[in-house]
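Have the structure open beside you as you read.

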Amino acid sequence: MSVKIADVQDAWNLRFSCPDAVQSWLDGVQASDADQAPLLIIQSFLDWRRGHVRLALEGVEQARTVEDGVWRGRMLNLQAVLLVLYADQDREGAGNLEHALNLLQDQLAIGERLGDTELQALAFNDIGALIAWSAAGNAFGFYERAYHLIQDGHPGLIAIKGLAAANMASALHRSQAFDQAAPLIAEARALLLRSSATMLWPWYVNVQVVRDLHHGRAHDARRCVEDGLSRLATDPQRTDYSLHMLWYTAALLEAKLGRPREALDWLNRVRAATEFRDGAQLQVLDLKATVHAQLGEHQEAYETARLLMQVIWQHYQHERATLVSRAELRQVKAAAQAQSRAASQRVSELQHRLTEEQSVKGHYERLSVTDALTGLWNRRQFDLDCQSLAEGDGLLMIDIDHFKQINDTYGHATGDRVLQAVATCIQGTLRQDDRAYRYGGEEFAVILPGAGRNNLLTIAERIRESVQRNAPPRTPVVTVSIGGGLFDVARPEHHVRQADEALYAAKHSGRNRVCVVGDVMS
């Protein structure tokens, strides 16, 4: 796309849609001392979006003396976002949310005084982004104000409106308001396309993928990610920062679809990126620990969890040091006391986080023995629990009838919903001490401590009836065949084989049956 850039204002307006053209203009412009600050601010924005965060911060710091109202507001916006999202131990205010919010409030005041729509909208959107980590509900209101401030304008304004729409949809997703979010997702897509803001496309992809997964459209979610990756790969205006965001989205999608190995591959690409923001680092480490647990790699999961806690430690330690340093510079006693209270509160929060570390190991141990799709215990836990069975304990083996036909006819997404629905039916009929497992594929197992023959038959029949009554929407009637038996301490190695033989008998008797060691119930 051929564009004409006449001055710094044109360059700023086109920063989202034509970053390469803006960079070429910057490389060729001859700047006087008066023009130096706006050029530094534009260059810092481009450096940030390419992932060169420290370089962007250096440019912003050189431009801090700018006196012009609009450009000072833009400098404050970049300074706030870069400092809080990319904590750097060597920079004053880095990682300090309160400091960043103060900068954005100063930006907002400039925007209101000058009547500048973009400064106000940027401030509202970024305040929402900063508080979303701890107050998602309040964040929506700031996104909404940014969205409604912009009616029309240059490509930069349209891109900001599209970003605000995507952020509003994300906030609604957190409150489970998926229907309300749908038109905002469509609006975000239209606005980002209209403004050619390829670098912001991942924000649309993120909310669209969440919506697709919520509605069980895994294929559409994967296609959306693939389209986004293709769009960024072929667009010369894309930035590394945007690409890294999509890599993380791809990893999250694969993890939710039960493909941990593929998720880990994407995460390793993200981790190899030169720089990424502090909050994103926490997200990447948390997801990576979960993925290792899904793979049964407990040691790697625990080590990643410990690294996650170390990052949290460093983050809070640095923030506490910043607070103390600022308090020492104040001469007013009341202000110093207030700062001391804030530091003490931060120490208390840090101690709480460190205490939570003791439970991290148990959390990931449970993930390693839990089936990601159904939430039931997995085969590994079943094998462990079988070692402690006692005389009279019951065992049920459950198989979904004609499951392959369901998958072949309706697709794997429907098959996944059937597995989840059957797991819910099983779990909902069990007693307090009973345990349900996904044994493998479409097969489930249930251990019934002290059940005896009567309870074994009763619970099995309840499961069979519940599954038949509660098929997921848009699927055929789902039935199961169940085989069961009681644990015999004299022949401990036969308990699974006997239940399997009873299951086969139920299958051969016409399916949708319960068979307990030779007795068939229709």
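Where is Ser196 found? Look in the loop between α10 and α11. Keep in mind that this is a predicted model. Here's a rundown of that spot and some others, grouped by topic.

- Ser196 isn't a glycine, yet it has a positive phi of about 55°.
- Ser196 is partly exposed, with a relative accessible area of 30%.
- Arg511 is another non-glycine residue with a positive phi, in this case near 70°.
- To find Arg511, go to the loop between α22 (495-508) and β5 (514-516).
- Arg511 is partly exposed too, and its relative accessible area is 32%.

**The pair α10 and α11**

- On either side of the Ser196 loop you'll find helix α10 (residues 178-195) and helix α11 (residues 201-214).
- Their axes come within 10 Å and cross at roughly 150°.
- Angles over 145 degrees count as roughly antiparallel, so that's the label for α10 and α11.
- The α10 and α11 crossing is left-handed.
- On the α10 side, the residues that meet α11 include Phe178, Ile185 and Leu192.
- Their partners in α11 include Trp201, Tyr204 and Val207.

**The pair α6 and α7**

- Helix α6 (residues 97-114) packs against helix α7 (residues 117-131) at an angle of about 160°, and their axes are 8 Å apart.
- These two helices are therefore roughly antiparallel to each other.
- α6 passes α7 in a left-handed crossing.
- Among the α6 residues making the contact are Leu97, Leu101, Leu104 and Leu108, while α7 brings residues including Leu119, Phe124, Ile127 and Leu130.

**Helix α12, one face at a time**

- Helix α12 covers residues 218-234, which is 17 residues.
- The buried residues of α12 are Ala218, Ala221, Cys224, Val225, Gly228, Leu229 and Leu232.
- If you look down the axis of α12, those buried residues fall within an arc of 130°, so they line one face of the helix.
- Over on the other side of α12, you'll see His219, Ala233 and Thr234, which are exposed.

Note on methods. Residues numbered from 1 in each chain as written. Predicted model: local features only at pLDDT ≥ 70, side-chain atom pairs only at ≥ 80, totals over all residues. Heavy atoms only, no water. Helix = DSSP H or I, 4+ residues; strand = E, 2+ residues; numbered from the N terminus. Expected span 1.5 Å × (residues − 1). Buried < 20%, exposed > 50% of the residue type's maximum accessible area, 1.4 Å probe, protein only. Arc of directions from axis to C-beta. Axes fitted to C-alpha atoms, helices over the stretch in contact; angles between N-to-C directions. Parallel < 35°, antiparallel > 145°, perpendicular 65-115°, else oblique. Left-handed = near helix turned anticlockwise from the far one by under 90°. Contact = heavy atoms within 4.5 Å.
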